[in-house]
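Student: Hi! I've just opened a new structure and could use a hand finding my way around. Can we look at it together?

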Amino acid sequence: MKIAIIGGGPAGLYAAILLKKQRPKADIAVYERNRADDTFGFGVVFSDATLDNFEKHDLPSYQRITQEFAYWDDIAVHFRGTVHRVGGNGFCGCSRRTLLRILQERARELGVTLHFEVDLEDEAQFADADLLILSDGINSRFRQKYVDHFQPEVDLRANKFAWMGSTKPLDAFTFIFQETEWGPFIAHAYQYEAGHSTWIFETDPATFEKADLTGLDERQSADRMKEIFGWFLGDHPLLINRSMWRNFPMIRNKRWVKDNMVLLGDAKSTAHFSIGSGTKLAMEDAIALAEAMQRAPSIPAALDLYEHGRREEVEKTQHAADVSLVWFEHVERFWDFDPVQFAFGVMTRSKAITYDNLTLRAPDFVAEVDKAFARQVLANGFDVDVEKPVAPMFQPFKLREMTVTNRAVLSPMCMYSAEEGVPGDFHLVHYGSRAIGGAGLLFTEMTCVSRDARITPGCAGLWNDTQEAAWTRIVHFVHANSKAKFALQLGHAGRKGATKLMWDGIDRPLEQGGWDVVSASPLPYFPDSQVPRALDRAAMDAIKTDFVAAAERGDRCGFDMLELHCAHGYLLASFISPLTNARSDEYGGSLENRLRFPLEVFAAMRAAWPAHKPMSVRISATDWAEGGITGDDAVQIARAFGEAGVDLVDVSTGQTVREARPIYGRMFQTPFSDQVRNEAHVATMCVGNITSADQVNTILAAGRADLVALGRPHLVDPAFTMKAAAWYGADVFCPPQYLPGKEQIFRNSVRERQDFEELKIKAKPKTRAELKAEAAKPLAAE
């Protein structure tokens with residue numbers, strides 16, 4: 001077999017090593033444009049988990065790498081005169097040039113041929129190669145040559161960064177957030193060998209311009225950064241090596257394989273430096289390709305296995321990097337945070353590290369986070385224990401005169417089980433059991449304001465006396481048997497109405513028994529859906545009247561809070577999104593115009609709803625589709641509703657158009673809640689694939705939402721909040737009939753949590769930094 005590898009970076013060299021080990025007789029050659037010791041940057045960083053992977057796949061190179069690396073356990077966050085250190089992380093750094101040397105030497109030992117200073121532009125000279133690996137970096141010539149096939153997407157991020165070095169010694173992965181007269185600057189720094197550390201400086205475009213960095217050469221840029229961070233660097237200089245300011249390119253490719261050619265490393269995908277995974281991603285690509293070559297019967301089969309088997313893991317890493325980089329791009333959102341809360345946000349920014357995870361690794365740090373959160377609650381008028389506070393999930397929260405005893409919320413979820421809009425025994429059990437289970441706040445499913453406002457024939461409503469009586473029964477049960485507050489969500493399906501029950505075909509039009517549907521514009525949801533009638537002024541007034549009447553009924557039912565549904569492509573959302581609003585009157589065009597009717601409805605409801613009771617609005621913070629609502633739009637939408645008197649913004653996303661392409665994942669909608677809360681300065685509730693109390697605490701402690709709504713977890717476990725309270729040692733109300741069960745679970749949870757934490761600690765291998773520290777200790781005297 002003959003294998004040619006274009007690009008002699010870590011990805012190409014490691015692929016050569018692993019493939020040569022598999023096939024000692026194969027002719028494997030690496031071709032690199034630069035000299036052997038040319039490299040951009042200074043150091044690379046790997047986690048202990050990544051090193052475990054290297055140890056498994058090539059022990060000799062792993063041993064040489066670990067002999068050269070600098071190890072550390074801590075992350076240190078410097079912010080507004082404070083330093084917060086978090087241990088147990090397990091990182092190691094190495095000179096990038098040293099890493100290349102180790103991989104080059106190992107490749108030569110195995111018989112790989114290395115060619116340097118070879119400028120290749122045409123793969124024709126490799127016509128006899130069985131496999132051609134394209135690992136020629138971010139600016140891959142070969143990827144660009146076949147751009148129509150690989151279909152790369154290059155997202156050039158807004159922030160500017162420059163990669164420098166220093167002789168400053170560091171004993172932790174160090175983040176420094178520095179306020180300047182021009183705006184915030186960030187330093188990402190770590191030691192990679194004795195006497196040398198990597199320094200990546202980052203700032204937003206506006207600050208970059210104000211600081212007059214445009215046009216400065218490398219040395220001048222380094223001098224400016226030394227002025228800003230000199231208080232920390234002391235007498236240590238900043239070193240340069242192609243250290244020009246640039247924008248980071250997030251690269252994805254629709255295809256990774258063409259014939260016998262395959263993309264590897266940065267040519268295929270990049271991950272932002274803020275999670276330190278670029279070189280890791282590249283070398284693990286090489287591992288995945290080698291494993292595919294070992295398992296598959298042919299090269300085409302191996303390349304197919306590599307692409308389809310590796311893509312999910314790469315996309316997960318890139319998603320984490322995306323979330324992390326966005327946090328750094330918008331660091332000004334958090335600049336006024338308490339420093340310990342800010343540091344917690346740094347640690348949890350990519351969602352990979354959570355509240356419980358940090359509690360195991362850095363209990364003192366999390367204890368300070370809890371105290372900081374409790375101080376905020378105390379400042380809002382609650383008499384809470386600041387010295388021994390409960391976890392954030394179990395801190396109270398107030399909206400107008402309504403106080404919820406904890407931050408866990410039953411998310412509004414359609415049950416499709418009403419008869420002519422009347423909620424029945426199913427609804428009584430559904431809401432009643434979750435209230436008894438300890439949730440601080442319950443939301444009804446979207447309750448329709450008229451018969452023709454329903455999504456499906458099974459949707460609940462509140463347009464007649466029978467429905468009002470049924471809802472009153474449920475509200476009274478909740479209030480009589482729990483401390484939960486109960487919110488009524490009102491909505492109108494719009495063009496998504498007259499559809500089948502979810503389990504019969506979600507959003508599919510009814511084949512019989514349907515009704516006329518309306519929307520902002522005559523645009524059907526599916527091509528074969530009913531074409532909605534565009535609302536005229538008279539119809540808009542009639543619908544507004546329906547909303548007000550339903551709100552008045554809701555007050556008589558005894559609901560504590562009222563929410564207006566302006567999300568998910570339903571009627572009011574269809575006015576807000578430019579993808580569903582093609583109107584040319586005063587209700588179309590600009591966002592201000594598109595918001596006009598939803599705000600009219602909200603204002604009329606607010607006037608009818610008692611002043612002491614809060615109101616919220618559910619929005620889709622993005623349509624997940626080109627040309628639709630964005631996070632920046634969501635901030636403007638939230639501000640407009642805030643000015644109209646809204647007390648809480650329920651931040652959801654999508655479901656506006658069928659061509660939407662959401663990016664799913666854990667807590668995937670939380671960044672939008674974060675943006676709305678911290679830019680529009682309104683209270684928010686987040687929702688979306690939040691599955692555990694740990695995640696709830698992570699979101700709240702980081703200041704990304706004020707309330708957290710959970711859907712599916714509540715469907716399978718009505719006592720979700722009660723169990724979480726037992727786990728965290730917080731108290732929640734329980735009706736006397738259930739007290740023996742509560743007492744038992746609270747007793748058992750003390751031991752179960754202790755056993756769980758001990759097991760996790762014992763099962764977690766010691767970091768290499770810990771092992772190195774132990775090895776350095778002198779032996780005890782006999």
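Predicted model: local features only at pLDDT ≥ 70, side-chain atom pairs only at ≥ 80, totals over all residues.

Student: Okay, how many residues does the largest nonpolar core have?

Tutor: That core has 125 residues, and Ile-133, Phe-177, Phe-342 and Phe-365 have the most contacts inside it. Helix α9 (residues 278-295) gives the largest share, 10 residues.

Student: And what is Ile-133 in contact with?

Tutor: Leaving aside neighbours within four places in sequence, its contacts include Ile-3, Ile-5, Leu-19, Val-262 and Leu-289. Apart from this core lies another, of 76 residues, with Leu-462, Ile-543, Ala-551 and Val-646 among them.

Student: Why would nonpolar side chains be buried together?

Tutor: They tend to be in soluble globular proteins in general.

Student: Switching topic: how do β5 and β6 run?

Tutor: Strands β5 (residues 75-79) and β6 (residues 82-86) run antiparallel, joined by five bridges. Ile-75 stands opposite Val-86 in β6. The two strands form a hairpin with two residues between them, and Arg-80 in the turn has a positive phi of about 50 degrees.

Student: Which residues make the nonpolar surface patch of about 330 Å²?

Tutor: Met-502, Trp-503 and Ile-506 make that patch. Met-502 lies in helix α16 (residues 502-505), and this residue counts as partly exposed because its relative accessibility is 42%.

Student: Now charges. How many salt bridges are there?

Tutor: The count comes to 46. One of them joins Asp-647 to Arg-400, with the closest N and O atoms 2.9 Å apart. Asp-647 is in the loop between α21 and β28, while Arg-400 is in the loop between β18 and β19, so the pair ties together parts that are 247 residues apart in sequence.

Student: Is Asp-647 buried or exposed?

Tutor: Asp-647 is buried, with a relative accessible area of 17%; Arg-400 is partly exposed, at 33%.

Student: What about Arg-704, what does it form a salt bridge with?

Tutor: With Asp-674, the closest N and O atoms being 3.3 Å apart. Arg-704 sits in the loop between α23 and β30 and Asp-674 in helix α22, 30 residues apart. Arg-704 counts as buried at 8% relative accessibility, and Asp-674 is buried too, at 4%.

Student: Last one: which residues are linked in a network of salt bridges?

Tutor: Lys-21, Asp-58, Arg-64, Arg-106 and Glu-109 are linked that way.

Note on methods: Residues numbered from 1 in each chain as written. Heavy atoms only, no water. Core = buried A, V, L, I, M, F, W, Y, C linked by side-chain atoms within 4.5 Å. Buried < 20%, exposed > 50% of the residue type's maximum accessible area, 1.4 Å probe, protein only. Helix = DSSP H or I, 4+ residues; strand = E, 2+ residues; numbered from the N terminus. Contact = heavy atoms within 4.5 Å. Pairing = 2+ DSSP bridges. Patch = residues over 30% accessible without salt bridge, like charges linked within 9 Å, V, L, I, M, F, W, Y side chains within 5 Å. Areas by Shrake-Rupley, 256 points an atom, 1.4 Å probe, with all protein chains shown as cover. Salt bridge = Lys/Arg side-chain N within 4 Å of Asp/Glu carboxyl O.
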